[in-house]
Amino acid sequence: MKMWLKISVSVWITGIIIAGIAFPMVRGPHTWYEFPFIPGLEEKARNIIFHVPISWATVVAFIMSMYYGSMYLRKKDMDYDLRSVSSASLGLLLCVLATLTGAVWAKFNWGSFWNWDPRQTSIFILLLIYGAYFVLRSAIDEEERRATLSSVYSIIAGVTVPFFIFVMPRIMSGLHPGSLGDEQGKGPVLEFKMATNMLMVFFASLIGFTVLYFWMYTLKVRLMRIERHVQQITETE
Amino acid sequence: MTFITSYHIFIKEFVSEFRTRYALNALLMFVVTTLSIILFSIGKESPTQDILSGTLWIVIFFSAMSGLSRTFVAEEERGTSMTLRLLVNSSSVYIGKLFYNFILILVLSVIIGISYLLFIKEFTVKSFDIFWMTIFLGSAGLASASTILAAIIAKANTKGTLFPVLAFPILLPLLLTCINATKLSTEGAFMSEAVKEFQILISFTVVMVATSFLVFDFVWKD
């Protein structure tokens with residue numbers, strides 16, 4: 001990544017963190033930096049600026065891992081496998097973060113850290129898929145076979161994800177917006193009913209976290225390339 | 001051509017199974033064991049229908065896990081996979097094995113279903129059409145996902161424990177829907193109320209079979 005992009009991402013994310021945490025929440029906001037006070041959510045509504053973009057980045061990481069897995073199957077180039085693993089390991093980290101931020105929010109809004117709401121179930125399954133993916137990788141010694149089989153597994157796991165995102169919340173009653181029984185927020189894509197300035201910060205955060213993911217991803221890929229190179233050199237000596 | 005060869009693979013699986021009767025005997029004993037564990041643990045309590053529909057699918061899931069992984073692992077152990085790879089194309093191997101797995105798990109779940117209804121008195125199914133339809137579609141879904149996973153783990157080093165670990169996250173939407181549908185059948189719902197569940201089960205199976213059909217070649221030829 002270019003230097004100016006790195007600097008602007010850092011400034012961008014810092015701005016979002018400041019805005020998300022420090023902007024006051026008042027009834028009837030007047031100025032641009034005041035968020036509206038939402039009954040029932042109160043100050044906890046700030047979490048939407050962090051929790052949702054992290055969950056979004058988790059899904060992006062998962063799709064990237066699946067994409068590079070299928071590219072490996074087509075081209076049989078080990079570099080694609082390396083990218084697939086890098087994205088999956090970042091996805092695991094983001095998935096844990098999304099689960100934790102969600103659990104904390106659930107504790108203070110719904111009363112307990114975990115309630116088996118459909119979306120909580122989905123993120124738990126995503127954690128299990130990542131876990132199974134890395135277990136499968138550690139169970140195979142041969143490099144090319146490991147790359148092929150883990151790519152196939154990520155594709156097979158990837159096609160079940162729509163069932164979690166679109167189907168399960170429709171048939172199970174849940175607490176997240178968009179679940180069964182929630183008349184206001186029906187439909188796979190939520191209607192945004194946030195105030196304009198909050199919506200701006202929210203979308204800025206979505207963009208910020210996505211770019212941050214790509215930055216971390218490129219770093220991870222470079223690191224793994226160097227590691228593989230070092231390994232090859234030590235093997236030949 | 002593919003259909004004839006897949007049919008032959010299908011027959012071959014049955015012949016080699018009935019020569020040893022390993023899978024069938026082991027699975028029947030597995031069913032007996034798990035059912036008696038459930039009976040012992042219930043004791044004199046009277047559990048709710050929801051818990052019993054859950055345990056029914058636990059029994060089916062784990063017996064499927066112990067039975068279905070055999071198809072490809074046995075091929076590797078006997079050293080016959082190379083011959084099979086030379087003789088027939090991979091899609092007929094996949095289709096043949098898929099149907100064999102489906103029949104195996106269907107017979108197994110029907111046996112589990114009947115013995116569950118017989119031995120556990122608290123479990124009362126009011127609408128049998130939903131119950132048997134769930135068993136049928138659930139078996140199809142289990143077979144569709146486990147066939148490709150069995151092919152994957154046949155190439156890995158630790159075969160036994162890996163299968164349920166890989167299968168669980170993928171099969172969870174299926175299992176949850178099956179448990180929901182079984183609950184509906186114990187509540188005496190009409191067929192029209194369970195259509196949503198059946199649609200999910202059918203679409204899951206179709207998506208799984210289509211994807212596995214596309215990627216099976218990479219696993220098998222590896």
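Helix H3 of chain B is largely enclosed by the rest of the structure, because 14 of its 20 residues are buried. The model described here is predicted. The helix covers residues 49-68, and at 1.5 Å a residue it should span 28 Å; the end C-alpha atoms are 28 Å apart, which agrees with that expectation.

Burial also describes individual cysteines. A:Cys95 has 0% relative accessibility and therefore counts as buried, and B:Cys178 is likewise buried, with a relative accessible area of 0%. A search over all chains finds zero disulfides in the whole structure.

Two cavities of 30 Å³ or more are counted. The largest cavity has a volume of about 60 Å³, and its lining consists of A:Phe62, A:Ser65, A:Met66, A:Ala88, A:Ile129, A:Tyr130, A:Tyr133 and A:Ser154. In chain A, helix H2 (48-75) and helix H4 (118-138) are the elements that give two or more residues to this lining. By class, the lining of the largest cavity holds six nonpolar residues, two polar and no charged ones.

The second largest cavity contains about 40 Å³ of space. Its lining is made up of B:Phe72, B:Glu76, B:Ala151, B:Ala154, B:Lys155, B:Val219 and B:Trp220. The lining of the second largest cavity has five nonpolar residues, no polar residues and two charged residues.

Aromatic contacts form the last part of the picture. A pair of aromatic rings is described by the distance of the centres and the angle of the planes. Over all chains, 22 aromatic pairs are found. One of them joins A:Tyr213 and A:Tyr217, which are stacked at 6.0 Å centre to centre with 25° between the planes. These two tyrosines are separated by about one helical turn, because they stand four residues apart in helix H6 (residues 196-236) of chain A. Both A:Tyr213 and A:Tyr217 are buried.

In chain B, the rings of B:Tyr94 and B:Phe216 have centres 5.2 Å apart and planes at 45°, so this pair is tilted. B:Tyr94 belongs to helix H6 (residues 90-119) and B:Phe216 to helix H9 of chain B, so the pair ties together parts that are 122 residues apart in sequence. B:Tyr94 and B:Phe216 are both buried.

Returning to chain A, A:Tyr213 and A:Tyr217 belong to one aromatic cluster with A:Tyr67, A:Tyr68, A:Tyr80 and A:Phe214.

Notes:
Residues are numbered from 1 along each chain as its sequence is written. Chains are lettered from A and ligands numbered from 1 in the order in which they are written. This is a predicted model: local features need pLDDT of at least 70, side-chain atom pairs count only at pLDDT 80 or more; totals for chains, interfaces and linings use all residues. Side-chain values use heavy atoms; hydrogens and water are left out. A disulfide is a pair of cysteine sulfur atoms within 2.5 Å. Buried means under 20% relative accessible area, exposed over 50%, partly exposed in between (1.4 Å probe, protein chains only). On a 1 Å grid over the protein atoms alone, a cavity is a set of points where a 1.4 Å probe fits but cannot get out, and a pocket is an open set with protein on both sides within 12 Å along at least five of seven lines; lining residues have an atom within 4 Å of a point. Grid points are joined across faces, edges and corners, and a volume is the space filled by probe spheres set on the points. Ala, Val, Leu, Ile, Met, Phe, Trp, Tyr, Cys and Pro count as nonpolar, Asp, Glu, Lys and Arg as charged, and the others, Gly among them, as polar. The expected span of a helix is 1.5 Å times one less than its number of residues. Rings of Phe, Tyr and Trp (its six-membered ring) pair if their centres lie within 6.5 Å; planes under 30 degrees apart count as stacked, over 60 as edge-to-face and the rest as tilted.
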